[in-house]
Amino acid sequence: MQHSLLDRIYLAFLLILIVSFGFLIFFISYFTRKSLINEKKNTITNEAQLIASQAISSYAIGNMNAEELSNYFNYYAETLHSDIWYLDEGGTLIASAVYFGTDLASHDDEKASSGSASISILKNLPSNIYELDMAYDLHSNYYTIGTFYGIYSNNVISVNTPITFTDYSEREKNKSIGALVIHTSSTDINEALRNIYTISFIPCLIIIVIAFALLQIISFKVIRPIKKLAEVAEEYSKGDFDIKTGVNSKDEIGQLATSMEFMASELSKLEEYRHEFISNISHDFRSPLTSIRGYVTAIQDGTIPPDRQDRYLGIILDETNRLTKLTQGLLDLNRLEIYGPYLTLSDFDFIDIVKTTLNTFEIKCIDKNVAIYLNNHAEATVVTADKTKIQQVVYNLIDNALKFTPAGNNIYITINERSDKLVVSIKDEGIGMDEMTQKKIWTRFYKNDTSRGKDKAGTGLGLAITKEIIKAHNETIKVSSKVDVGSEFVFTLKKASDDATHTGETQILVNPNNQL
């Protein structure tokens, strides 16, 4: 069964909470248990020191016998709810008071209420501690938790407290006279830990419930929109680009939804672009092929007399050249888009490229009565680029400007410098473009002339090739335009390290009025 993203988040969140609270409770219980045991050990040690000072010291000097010492221990055993053993220096059990088991049966009710009645003595007390463990250490203050060598039915805390005595008769200070071993139940500690578990479980459960409630709210704000986006994306994959996401938030998900709707809008235009591309290429190939076929047929059947065939063969050659140019343009553009252009970089003066290129437009400018002005505001115009391809860029942009500039208007080529860049602007006073057209001009075969009346010779590939060449140089090209005002193309080139310099000047390179 496939789990949704929300299911995975719920499971992960629940697992994180359980593990986190599990570790928290473990560490709390561990350190609490350790703290309670240390506290109990310190309490018993203090009581043992008190018993030693009040009773065992009397026994050591002969003022109290073993039986009287045991009776004295009974009081403390009942008070501390503990068994008390006194071992001499040789490990012999001298006196004891048994709280667990049957010796203090009169206190069964009290033991039951305190939880110690569940502990019983399984075997007789040893006469010497070394019967239980030959390595037993009488002279260290320490504690153990367990059944104390199987004597007790349940775990007890056994505290060994070494006893010292100052024997003034022998002038011996801190003389070891054995140890006091006190066994007390760990039931109260276990009960405290159970209370901690109970107290911790309820808040943890409440926190988990609150956390899942908050997670539900978050899922409504985040997961549901994502799920909606996934459903919309699936519809887009089926070709239905009209459906909307319905997500209007201002966060990242809202931005994603807006991007998806924009993508769908662009993809919906793909079919239109495809039809337009087929229509364009069909028209551009069909027109010269129709002309070639017509003239060849007319020559073959004698419609065109031999004395006039040279003229029509020239037309056929022009149409063939047009087809060759169109085919080569398609191949070049396809190669540029797939592999990128092969650049042969060199340092050259960009002004020379502009002047050389403009010489090829002199006759067209004179015929159309359009002037081209060069405004150079850069001191250094030597650039590092592919000279041939940059000349192609300049040619394509000037040719495009000349096509759409009416007679009597001007074209301006402006050169500025910015840091290590040369900024080139080619601006015309032509028909201009709307915003939608500006987005399409970089598309192959796109022509801003649906009637084909103004530019029958163009292939619609010039600007697409221009953009790929500039892109290959890691430079930028932009267009800005207004309808009936004109268009401006601006691109950048990297200046050479050793720049030639030109004085800022304004030149009229092509002026039809002066018939240059």
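At 0% relative accessibility, Thr-466 counts as buried; this residue sits in helix α12, which covers residues 462-472. The model is a predicted one. Its protein chain holds twelve helices and 13 strands, and 38% of the 516 residues count as buried. The points below start with the whole chain and then take up selected residues, helices and strands.

**The chain as a whole**

- The accessible surface of the protein chain comes to about 29200 Å².
- Carbon and sulfur atoms hold 55% of that surface.
- Among contacts in the protein chain with a separation of 6 or more, 69% are between residues 24 or more positions apart.

- The side chain of Thr-466 makes a polar contact with the side chain of Asn-396, at 3.2 Å.
- Leaving aside residues up to four places away in sequence, Thr-466 touches Val-393, Asn-396, Leu-397 and Ile-477.
- Another, Ile-477, belongs to strand β11, which spans residues 477-482.

**Helix α2 and its ends**

- Helix α2 runs over residues 66-80 and has 15 residues.
- From its first C-alpha to its last, α2 reaches 20 Å, close to the 21 Å expected at 1.5 Å a residue.
- The buried residues of α2 are Leu-69, Ser-70, Phe-73, Tyr-76 and Ala-77.
- Seen down the axis of α2, these buried residues fall within an arc of 120 degrees, so they line one face of the helix.
- Glu-67 and Tyr-75, on the other side of α2, are exposed.
- At the N-terminal end, Asn-65 caps α2, with a side-chain oxygen 3.2 Å from the backbone nitrogen of Glu-67.
- Just after α2 comes His-81, which takes a positive phi of about 55 degrees.

- Strand β1, residues 82-87, is mostly covered, and six of its six residues are buried.
- In a regular strand the side chains alternate between the two faces of the sheet.
- One side of β1 carries Ser-82, Ile-84 and Tyr-86, while the other carries Asp-83, Trp-85 and Leu-87.
- Both of these faces are covered, and the residues named on them are all buried.
- β1 runs antiparallel to strand β2, residues 93-97, and four bridges join the two.
- Within this pairing, Tyr-86 has Ala-95 of β2 as its bridge partner.
- The two strands form a hairpin with five residues between them, where Gly-91 takes a positive phi near 90 degrees.

- Strand β12, residues 486-494, is joined by seven bridges to strand β10, residues 421-428, and the two run antiparallel.
- In that pair, Ile-426 stands opposite Phe-489 of β12.
- β12 is also joined to β11 by six bridges, again in an antiparallel arrangement.
- Here Lys-482 stands opposite Gly-486 of β12.
- A hairpin is formed by β11 and β12, with three residues between them.
- Asp-484, in the turn of this hairpin, has a positive phi of about 65 degrees.

**Asn-160 in strand β4**

- Asn-160 is found in strand β4, residues 156-167.
- At 1% relative accessibility, Asn-160 counts as buried, because the cut-off for buried is under 20%.
- Its side chain makes a polar contact with the side chain of Tyr-136, at 3.0 Å.
- A polar atom of the Asn-160 side chain also lies 3.3 Å from the backbone oxygen of Leu-138.
- Beyond residues up to four places away in sequence, Asn-160 touches Tyr-136, Asp-137, Leu-138, Ser-140, Asn-141 and Tyr-142, and also Ala-179, Leu-180 and Val-181.

**Glu-362 in helix α9**

- Glu-362 lies in helix α9, which covers residues 362-368.
- Ile-372 is ten residues from Glu-362 along the chain, and the C-alpha atoms of the two are separated by 9.5 Å.

How values were computed
Residues are numbered from 1 along each chain as its sequence is written. This is a predicted model: local features need pLDDT of at least 70, side-chain atom pairs count only at pLDDT 80 or more; totals for chains, interfaces and linings use all residues. Side-chain values use heavy atoms; hydrogens and water are left out. Buried means under 20% relative accessible area, exposed over 50%, partly exposed in between (1.4 Å probe, protein chains only). A polar contact is a pair of N or O atoms within 3.5 Å; within protein, one must be able to donate a hydrogen and the other to accept it, and residues adjacent in sequence count only if both atoms are side-chain atoms. Contact means heavy atoms within 4.5 Å. Accessible areas come from the Shrake-Rupley method with a 1.4 Å probe; for residues, only the protein chains shown count as cover. Two strands pair if DSSP finds at least two bridges between them. The expected span of a helix is 1.5 Å times one less than its number of residues. The arc is that of the directions from the helix axis to the C-beta atoms.
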